[in-house]
Amino acid sequence: MDQAVERASKLDTATISDALDKLAIKGQCLGIKPRDHNFRMTGRAYTILYGPAGVVPGTVGDYIDDLEPGSVVVLDNGGREDATVWGDILTYLAHKNGVAGTVIDGACRDVHMCLKLGYPVYSRSYSMRTGKDRVQVEATNVSVNIGDARVHPGDLMRGDSDGVIVIPKEHEEKVLATAEAIEAAEEKIRAALESGMRLDDAREANKYHSLQSRED
C-alpha cells in the first residue's frame, strides 16, 4: 500500500490547499470541477499531453490499458472546451480496470456513464463534441499543466467536492505532515466550539492563523 496515497485520502483538498499555501507550493488545479460532488479520488498521476490534430490525425485515447490500478489519468488538452478527450468507453474501461479517477484540463463527454458507475471525473467542462480528428496525443507520462498547476508523472493527486489538488512527489511528505497538523488543529477548534468556546478564542488557543501563514 502506498502510504502517501492512504494519508492523502484522509485529507480534504481545502486542508491540503492551506498546507500548499503555507509552503509556497502551487498545487491547486484551478477551474477543474467534479462532475458529481460525491466523487472522491486519490492516486498517482499518469499524464497525457494533447495537441491539435495533424494532417494525418493521431489517436485520442489508446493508452487506457497501460494504466496501473489506483492511478489517476491526467489529461492536458490546454483547457479546450470544443473537443472532448474522454467519454463513455474510457470511463467504462477505467472503472473496470480499477483506475482511481480522471482529471482533464478540457472537456469530457458522456457524463451519464461516470455518474452511473460512480467513477470520478474532474474536468473544466463537458460537451458532446468529439476530439477525434481535432486533437491527438502528443506525449505520454510527461509534465503537463492542469488548471495552472504543474503535474509530473507519479505526483500525488487528490480530488473531492471542491476540486483537485496536485502534491509534487518531491514535497509530499512535508505537505502531508503540514496538512495533517492543520487538520488536527481544526478538529480541536471544532471540539472547543462544541463545548461553547468563542471562535476567536478557540483559534488563538490552537494557533490557527500561524498554521496557515507562509513559511519564510
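Reply: In this predicted model, the protein has seven helices and 10 strands. Its radius of gyration is 19 Å, close to the 17 Å that the globule rule gives for 216 residues, so the protein is as compact as a globular protein of that length. Taken along the principal axes, the box filled by the C-alpha atoms is roughly 65 × 35 × 35 Å, and buried residues account for 50% of the 216 residues. Of the contacts between residues at least 6 apart in sequence, 74% join residues that are at least 24 apart.

The part to examine is the packing of helix α2, residues 13-22, against helix α5, residues 172-194. Two packed helices are described by the angle between their axes and by the distance between those axes. For α2 and α5 the angle is about 120 degrees and the axes lie 8 Å apart; because angles from 65 to 115 degrees count as roughly perpendicular and those over 145 as roughly antiparallel, the two helices are oblique to each other. The crossing in which α2 passes α5 is right-handed.

On the α2 side, the residues that meet α5 are Thr 15, Ile 16, Asp 18, Ala 19, Leu 20 and Lys 22, and on the α5 side their partners are Val 175, Thr 178, Ala 179, Ile 182, Glu 183 and Glu 186. By class, this contact of α2 with α5 has six nonpolar, two polar and four charged residues. An α-helix has 3.6 residues a turn, so residues three or four places apart point the same way.

Helix α2 is itself mostly covered, with seven of its 10 residues buried, namely Thr 13, Thr 15, Ile 16, Ser 17, Ala 19, Leu 20 and Lys 22. Just after α2, Ala 24 takes a positive phi of about 60 degrees.

One residue on the other side of the contact can be followed individually. Glu 186 has its place in helix α5, and at 14% relative accessibility it counts as buried, since the cut-off for that class is under 20%. When its neighbours within four places in sequence are left aside, Glu 186 is in contact with Thr 15, Asp 18 and Tyr 208; Thr 15 and Asp 18 are among the α2 residues that meet α5, and Thr 15 is also one of the buried residues of α2.

Terms used:
Residues are numbered from 1 along each chain as its sequence is written. This is a predicted model: local features need pLDDT of at least 70, side-chain atom pairs count only at pLDDT 80 or more; totals for chains, interfaces and linings use all residues. Side-chain values use heavy atoms; hydrogens and water are left out. Axes are lines fitted to C-alpha atoms, for helices over the stretch in contact, and angles run from 0 to 180 degrees between N-to-C directions. Helices (H or I, at least four residues) and strands (E, at least two) are DSSP runs, numbered from the N terminus. Angles under 35 degrees count as roughly parallel, over 145 as roughly antiparallel, 65 to 115 as roughly perpendicular and the rest as oblique. A crossing is left-handed if the near helix is turned anticlockwise from the far one by less than a right angle, and right-handed if clockwise. Contact means heavy atoms within 4.5 Å. Ala, Val, Leu, Ile, Met, Phe, Trp, Tyr, Cys and Pro count as nonpolar, Asp, Glu, Lys and Arg as charged, and the others, Gly among them, as polar. The radius of gyration is taken over C-alpha atoms; the globule rule is 2.2 Å times the number of residues to the power 0.38. Buried means under 20% relative accessible area, exposed over 50%, partly exposed in between (1.4 Å probe, protein chains only).
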